[in-house]
Amino acid sequence: MADFTTSSHRKRWILNPHDLTRKYEAANQRAVDALQKCGATRVEIQSDGSLIYPGGSGGGENGRRESLPEHLSIEEELLVKRYYEGKIQEVCAALRLPNKIQATAIIYFKRFYLQWSIMEHDHKNILLTCIYLACKVEESHVSAEELGKGIQQDPQVVLKNEMIVLQALEFELIVYPPYRSMEGFIYDLETFVQGMGSTGLKALQCEALEAFSYLKELRVAAGSVVNNMMLTDAPLLYPPGQ
């Protein structure tokens, strides 16, 4: 894998809070404008991958303006995104996929909804497509049929949305989840503890055994913290080592 310091992840996908907010606002406003103009926000994806945007004037019979559904605020969109990012974790756990796939899929989901509003694309379909792409990229390939069967969804939904997700990601698919940094830190601690145990001093050997049991607990606790952190904006704001 390429080095993080020269990666597109570092150069293009680590944002400052102002730019992140601006992207959220732009996507939300585009959906609000579509709702006010056309009475709908959902962008339909055809079987060939082409897009059909909401059409019409939003008027009712005899030219009367129908009452429009209320649009989501930016804060409400974030809540919906957080909920479905948690669903990615649940699906990956149910399919026994490794953490790197789960984290990659969540980062893809976050990046997709930097470009689009949650009101414009079916988030359940995008969720599945992000998991499918993450499996491909992380070389743990699961076919669309297997993925659909495992969670009782139509596999064609995944294939139909694949290109729009790739385009939103700008085909930059190598990401650096924080789990590797966490594991590297714990590995350094384990190496230090092993050094304690190899000194030949009985007292230090006993301390080393006790420290190893603490490190096992630390790995579980740290993994839980990282899982929770993945459900925030942190992966879009900070390098994985932070």
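## Questions on a predicted model

Reader: Why does phenylalanine 171 count as exposed?

Author: In this predicted model, phenylalanine 171 has a relative accessibility of 52%, and the word exposed is kept for values over 50%, so phenylalanine 171 counts as exposed. The place of this residue is in the loop between α7 and α8.

Reader: What makes the phi of phenylalanine 171 worth a remark?

Author: The phi of phenylalanine 171 is near 60 degrees, which is a positive value in a residue other than glycine. Arginine 96 is another case, for it has a positive phi of about 55 degrees although it is not a glycine.

Reader: Where is arginine 96 found, and why is it called exposed?

Author: Arginine 96 is found in the loop between α3 and α4. Its relative accessible area is 79%, and since exposed means over 50%, arginine 96 is called exposed.

Reader: Why is methionine 229 called partly exposed?

Author: Methionine 229, which is found in helix α9, has a relative accessible area of 24%. Buried would require a value under 20% and exposed a value over 50%, so methionine 229, with its 24%, is called partly exposed.

Reader: Which residues is methionine 229 in contact with, leaving aside its neighbours within four places in sequence?

Author: With those neighbours left aside, methionine 229 is in contact with Pro178, Ala234 and Pro235, where contact asks for heavy atoms within 4.5 Å. Proline 178 is 51 residues from methionine 229 in sequence, and the C-alpha atoms of the two are 9.4 Å apart in space.

Reader: What makes phenylalanine 112 count as buried?

Author: Phenylalanine 112, in helix α4, has a relative accessibility of 0%, and because buried means under 20%, phenylalanine 112 counts as buried. Beyond its neighbours within four places in sequence, phenylalanine 112 is in contact with His121, Ile126, Ile164, Val165, Ala168 and Leu169. Of these, leucine 169 lies 57 residues away along the chain, with the two C-alpha atoms separated by 6.2 Å.

Reader: Which residues of the largest nonpolar core touch the most other members?

Author: This core has 46 residues, and Ile88, Phe109, Phe112, Ile131 and Val165 touch the most other members. The elements that give two or more residues to this core are α2, α3, α4, α5, α6, α7, α8 and α9. Isoleucine 88, for its part, is in contact with Gln102, Ala105, Ile106, Phe109, Leu127 and Ile131, once its neighbours within four places in sequence are left aside.

Reader: What does the second, separate core include?

Author: The second core has seven residues, including Trp13, Tyr24, Leu114 and Leu237.

Reader: How do you know that the reach of α2 is close to the expected one?

Author: Helix α2, residues 17–38, has 22 residues and reaches 32 Å from its first C-alpha to its last. The expected span is 1.5 Å times one less than the number of residues, and for α2 this expected value is 32 Å, so the reach of α2 is close to it. Helix α3, with 21 residues, reaches 30 Å and is likewise close to the 30 Å expected.

Reader: What puts the buried residues of α2 on the same side?

Author: The buried residues of α2 are Leu20, Tyr24, Ala27, Asn28, Ala31, Val32, Ala34, Leu35 and Cys38. They cover an arc of only 165 degrees around the axis, and therefore lie on the same side of α2. As a general point, an α-helix has 3.6 residues a turn, so residues three or four places apart point the same way. The buried residues of α2 pack against α3, α4 and α10, whereas the face turned away from the buried side carries the exposed residues His18 and Lys37.

Reader: What lies within 3.0 Å of the backbone nitrogen of histidine 18?

Author: At the start of α2, a side-chain oxygen of asparagine 16 reaches to within 3.0 Å of that backbone nitrogen.

Reader: How many helices and strands does the protein have, and how much of it counts as buried?

Author: The protein has 10 helices and two strands, which run from the N terminus as α-α-β-β-α-α-α-α-α-α-α-α. Of its 242 residues, 43% count as buried.

Conventions
Residues numbered from 1 in each chain as written. Predicted model: local features only at pLDDT ≥ 70, side-chain atom pairs only at ≥ 80, totals over all residues. Heavy atoms only, no water. Helix = DSSP H or I, 4+ residues; strand = E, 2+ residues; numbered from the N terminus. Buried < 20%, exposed > 50% of the residue type's maximum accessible area, 1.4 Å probe, protein only. Arc of directions from axis to C-beta. Polar contact = N/O pair within 3.5 Å; in protein donor to acceptor, adjacent residues only side chain to side chain. Core = buried A, V, L, I, M, F, W, Y, C linked by side-chain atoms within 4.5 Å.
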